[in-house]
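Student: I would like to learn how to read a fold from its coordinates. Where do we begin?

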Amino acid sequence: MKILVDTHTHTNASTHAYGSVLENLALAKQKGLEGVCMTNHAPALPDGAHLFHFQNCFELPDYIDGVRLFKGIEANIMGKHGRLDIDEGLQKKMDFIIASAHTPCYLPKNEKECTQMWLNVIKNPYVSALGHSGRMKVQYDYETVIRAAKEAGKCIEINSYSFRSANGIFAEHCRQIALWCKTLGANIVVSSDAHTPFLIGEVSAAVAFLEEIEFPEEQIINLNLKRFEEYFENQKGRRD
Ligand SMILES: [Zn+2]
Ligand SMILES: [Zn+2]
């Protein structure tokens with residue numbers, strides 16, 4: 001299984017990431033990827049990119065050296081109401097929105113609150129994917145949330161970086177989430193969450209597990225560029 005669109009990558013617009021757009025795309029090209037979503041942290045995170053980064057990113061071309069560049073964002077969920085830290089006007093413009101919970105912005109207190117948060121995020125028509133939802137100590141009602149995500153056409157992100165962090169707890173969460181997605185027939189995107197150009201497209205941990213559980217390839221939306229573009233064109237049609 002080879003994932004040809006990396007849906008979650010950071011550039012040095014956030015100072016804890018280290019590559020320029022050109023460097024990220026050059027490595028993507030070298031690795032044979034067809035597309036990359038640039039998804040820097042939104043402004044509410046202390047080290048997030050400035051709002052101007054997102055407002056101006058449409059100046060960038062759609063293709064760099066043959067690799068499709070999507071202008072995305074990793075937006076911060078600001079409470080159990082599920083609201084994001086960028087306004088609706090900007091949400092409408094972005095090619096790809098990952099909604100993630102990050103500790104400095106908001107962390108649900110318990111499973112009930114976490115479930116509520118995701119259910120509210122899913123109601124947002126502009127959100128494309130639920131970001132690294134296994135990377136929290138607090139879990140959520142996987143069946144309820146993943147079923148709702150499927151009905152709303154949202155993808156669940158299987159974030160390969162989560163498999164490498166925090167003594168295996170998050171990896172275990174990710175496994176459970178992937179298994180529920182398989183059981184319920186929910187769509188996923190598989191991403192690197194790269195903070196350096198060298199890790200663009202590095203999704204081997206996630207792919208190894210998906211292969212182990214024989215995850216259906218037709219439910220992986222970013223398997224290739226054609227499928228990814230068609231899916232999100234369709235999603236735009238649903239909300240307009
Ligand atoms: Zn994140
Ligand atoms: Zn990230």
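Student: How many helices and strands does the protein have?

Tutor: This is a predicted model. The count comes to 8 helices and 8 strands.

Student: How does the radius of gyration of the protein stand against that of a compact globule?

Tutor: For 240 residues a compact globule would have a radius of gyration near 18 Å, and the protein has 16 Å, which agrees. Along the principal axes, the C-alpha atoms fill a box of roughly 45 × 40 × 40 Å. Of the residues, 48% count as buried. Among contacts with a separation of 6 or more, 76% are between residues 24 or more positions apart.

Student: Is strand 5 mostly covered or open?

Tutor: For a strand, look at each side in turn. Strand 5, residues 96–100, is mostly covered, with 5 of its 5 residues buried. Phe-96, Ile-98 and Ser-100 point one way, Ile-97 and Ala-99 point the other way, and all are buried.

Student: In which sense do strand 4 and strand 5 pair?

Tutor: Strand 4, residues 67–76, pairs with strand 5 in the parallel sense, over 5 bridges. Ile-73 stands opposite Ile-97 of strand 5.

Student: At what angle do helix 4 and helix 5 pack?

Tutor: For two helices, read the angle and the distance between axes. Helix 4 (residues 111–122) and helix 5 (residues 142–152) pack at about 0 degrees, their axes 10 Å apart. They are therefore roughly parallel to each other. Helix 4 makes the contact through Thr-115, Trp-118, Leu-119 and Ile-122, and helix 5 through Thr-144, Val-145, Ala-148, Ala-149 and Ala-152. These contact residues divide into 7 nonpolar, 2 polar and no charged.

Methods:
Residues numbered from 1 in each chain as written. Chains lettered and ligands numbered in written order. Predicted model: local features only at pLDDT ≥ 70, side-chain atom pairs only at ≥ 80, totals over all residues. Axes fitted to C-alpha atoms, helices over the stretch in contact; angles between N-to-C directions. Helix = DSSP H or I, 4+ residues; strand = E, 2+ residues; numbered from the N terminus. Parallel < 35°, antiparallel > 145°, perpendicular 65-115°, else oblique. Contact = placed C-beta atoms within 7 Å. Nonpolar A, V, L, I, M, F, W, Y, C, P; charged D, E, K, R; others polar. Rg over C-alpha atoms; globule rule 2.2 N^0.38 Å. Buried ≥ 20, exposed ≤ 12 C-beta atoms within 10 Å, placed from the backbone. Pairing = 2+ DSSP bridges.
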